[in-house]
Amino acid sequence: MTEQENEFVFLGGEVSKNLGIPRSSLTKYCLALEEKGYRFIRYENNSRAFTNKDIILLQRMKDLVREKKMTMETSAQVVLSKLPEDEKTGTSLNRNHYETNHSNEMVVAQEQVGEQENKAITLIMKKLEQFNDVMDRLDLMEQELKEIKSQNELLQEQNEQLQTNVEANSSKRDEKLVSLMREVQETRKMIATAKEKKWWKFW
C-alpha cells in the first residue's frame, strides 16, 4: 500500500460541504488543477478521492479566487508554484482502501496551511503588485513622452515661424537700404547740379 493509500481520503460531497462550495465549483477547481499537471487519487470508477493535501490546495484556491479576485486558472498556477513535481501525481485507489474519517479531520486539514506557504502566496501577490506598479509607471512615462514630443513640435513650429519672420524682415530691410542709397545718390546729384549752376551764374 502506498503512502497516499495509507492516508485518510474524502469523497467529493464531504469536501464541497466542508469547503462551503457547490459540487460544480469543486469540479471546476479540480479541472483547473489538473490542467496545470496536478493529479488526484482516482477510484476504479475514475471518481476522485481527496487527501488532506488536496483539501489544502483547494482551500487556498478558494481563498485566492474569493479574496484576491483571481481566476481559477491563475489561482491553480499560484498554489502549484511551490509544490514539488513528485507531489503533483495521484494514483488509483481501490474501494477497499477507502477509510472514513470524522468531519473534524476535515477542519484540521483545512487549517494545515503553514506560515511558510502563506508567505509564498504573499510574496507572489507582492510581485504582482510590483508588476502593476511598473506598468503604471511605464504608462505615466509614455504620457510624459507624448507631452514632450508635442511641446517639441510646437517649439519647432514657432522656430520656423520666427525664421520666416526674420527672413521677411531682412528682405524688407535690404529693400529699404537700397531705396535709401538711391535717395542719397539722387540728393547728391541734385546738390552737385545746384552748385554747378551757381558757379556759372557767378561768372
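**View 1. N46 lies in the loop that links β1 (41–43) to β2 (48–49).** Helices (H or I, at least four residues) and strands (E, at least two) are DSSP runs numbered from the N terminus. The model is predicted, so local features need pLDDT of at least 70 and side-chain atom pairs count only at pLDDT 80 or more, while totals for chains, interfaces and linings use all residues. Residues are numbered from 1 along each chain as its sequence is written, and side-chain values use heavy atoms, with hydrogens and water left out. N46 is not a glycine, yet its phi is positive, at about 75 degrees. Most residues other than glycine have a negative phi.

**View 2. K69 sits in the loop between α4 and α5.** K69 also has a positive phi without being a glycine, with a value near 60 degrees. The residue is exposed, and its relative accessible area is 68%. Buried means under 20% relative accessible area, exposed over 50%, and partly exposed in between (1.4 Å probe, protein chains only).

View 3. The protein has 203 residues, of which 26% count as buried. Of the contacts (heavy atoms within 4.5 Å) between residues at least 6 apart in sequence, 73% join residues at least 24 apart.

**View 4. The largest nonpolar core has 27 residues.** Such a core is a set of buried Ala, Val, Leu, Ile, Met, Phe, Trp, Tyr and Cys residues joined through side-chain atoms within 4.5 Å. V15, L26, L33, F50 and L58 have the most contacts inside this core. At least two core residues come from each of α2 (12–19), α3 (23–35), α4 (52–67), α5 (72–80) and α7 (115–202). The most come from α4, which gives six. Apart from its neighbours within four places in sequence, L58 is in contact with V15, L19, L26, Y29, C30, L33 and F50.

**View 5. α3 packs on α5, and their axes come within 9 Å.** These axes, which are lines fitted to C-alpha atoms over the stretch in contact, with angles from 0 to 180 degrees between N-to-C directions, cross at roughly 60 degrees. That angle makes α3 oblique to α5. Angles under 35 degrees count as roughly parallel, over 145 as roughly antiparallel, 65 to 115 as roughly perpendicular and the rest as oblique. The crossing of α3 past α5 is right-handed, the near helix being turned clockwise from the far one by less than a right angle. From α3, residues S25, K28, Y29, A32 and L33 meet M72, A76, V79 and L80 of α5. By class, seven of the residues in this contact are nonpolar, one is polar and one is charged. Ala, Val, Leu, Ile, Met, Phe, Trp, Tyr, Cys and Pro count as nonpolar, Asp, Glu, Lys and Arg as charged, and the others, Gly among them, as polar.

**View 6. α4 and α5 pack at an angle of about 130 degrees.** Their axes are 9 Å apart. The two helices are therefore oblique to each other, and α4 passes α5 in a right-handed crossing. L57, R60, M61, L64 and V65 of α4 make the contact with M72, S75, A76, V78, V79 and L80 of α5. The residues of the contact of α4 with α5 comprise nine nonpolar, one polar and one charged.
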